[in-house]
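At each stop you select something, look at it, and then move on.

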Amino acid sequence: MSTIKSADEHLTFNADGSSKNILFQADGVQKASISSAGLFTSTTIDATALTGNLPAISGASLTGLVALTADQSWSGSQRGTPSTVTDGTLDLDTANNFQYTPGGADTLEFSNEEAGQSGFITVINASGHAISLGSEVKKGSSWDVSTAGTYLVSYYCDGTNVYVSASEALS
């Protein structure tokens, strides 16, 4: 085994000349490089060994990714972790599914609406608080989640409006 080290001073690798790179090889195969512009490139990175604050990663510079524009199939379960909400505002950037427990009279409304997003809301209204709806929320005439009970609400967003439908109180 050969070792290059410096205990008391900086260790400098210098590739003099225009557009010269520093190359890292193992068994004659390049594993990583540092370009003259300072760009580090590696064929593999052991993410389990990374520590400290890592820079933000832009998807624009990632390569080899498959776009999810075609039908997909999964061999395992896919789940959306419910977001717990107590103030009536459901931020659609945080989740598709919500558990909403009002602490008093409230307005159910949505933020960050995107066309095509849908999901479920478990409304746990144990004290029968009056729940009104934001102007973007559209409901049918039988809508009632203000009576004490637990309800399953489905929703669909068209980018402007959010359409909701509620079950009867569930036990």
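The tour goes from the whole chain to its sheets, then to the core, and ends with some single residues.

**Before you start**

This is a predicted model, in which local features need pLDDT of at least 70 and side-chain atom pairs count only at pLDDT 80 or more, while totals for chains, interfaces and linings use all residues. Residues are numbered from 1 along each chain as its sequence is written, and side-chain values use heavy atoms, with hydrogens and water left out.

**Stop 1: the whole chain**

Show the protein as a cartoon. Its secondary structure comes to zero helices and 12 strands. Helices (H or I, at least four residues) and strands (E, at least two) are DSSP runs, numbered from the N terminus. Of the 171 residues, 20% count as buried. Buried means under 20% relative accessible area, exposed means over 50%, and partly exposed lies in between (1.4 Å probe, protein chains only).

**Stop 2: the sheet of strands 1, 2 and 3**

Select residues 22-26, which are strand 1, then 29-34, which are strand 2, and 40-42, which are strand 3. They form an open sheet with the order 1-2-3 and antiparallel pairing. Strands 1 and 3 stand at the edges with a single partner strand each, so one side of each has no neighbour in the sheet. The twist averages 25° from one strand to the next; the axes are lines fitted to C-alpha atoms, for helices over the stretch in contact, and angles run from 0 to 180 degrees between N-to-C directions.

Strands pair through backbone hydrogen bonds, in either the parallel or the antiparallel sense. Here, two strands count as paired if DSSP finds at least two bridges between them. Strand 1 and strand 2 have five bridges.

Now select aspartate 27, in the loop between strand 1 and strand 2. Most residues other than glycine have a negative phi. Aspartate 27 is exposed, at 84% relative accessibility.

**Stop 3**

Move to a second open sheet of three strands, with the order 5-7-9 and parallel pairing. Its edge strands are strand 5 (89-91) and strand 9 (131-133), each pairing on one side only. Neighbouring strands of this sheet are turned by 30° against each other on average, direction ignored.

Strand 7 and strand 9 share three bridges, and threonine 107 stands opposite serine 132 in strand 9. Also select leucine 133 in strand 9. Leucine 133 and leucine 108 are 25 residues apart in sequence and 4.9 Å apart in space, C-alpha to C-alpha. Leucine 133 is partly exposed, with a relative accessible area of 21%.

**Stop 4**

Select residues 118-125, which are strand 8. In a regular strand the side chains alternate between the two faces of the sheet.

Strand 8 pairs with strand 6 (residues 98-100) in the parallel sense over three bridges, and tyrosine 100 stands opposite valine 123. Strand 8 also runs antiparallel to strand 11 (residues 149-157), joined by eight bridges. Glycine 119 stands opposite tyrosine 155 in strand 11.

**Stop 3: the core**

Select Phe98, Phe110, Ile121, Tyr155 and Val164, which have the most contacts inside the largest nonpolar core, a set of 20 residues. A nonpolar core is a set of buried Ala, Val, Leu, Ile, Met, Phe, Trp, Tyr and Cys residues joined through side-chain atoms within 4.5 Å. Strand 6, strand 7 (106-111), strand 8, strand 11 and strand 12 (162-166) each give two or more residues to this core. The largest share, four residues, comes from strand 11.

**Stop 4: one more loop residue**

Select asparagine 112, in the loop between strand 7 and strand 8. Its phi is near 60°, a positive value in a residue other than glycine. Asparagine 112 counts as partly exposed, at 35% relative accessibility.
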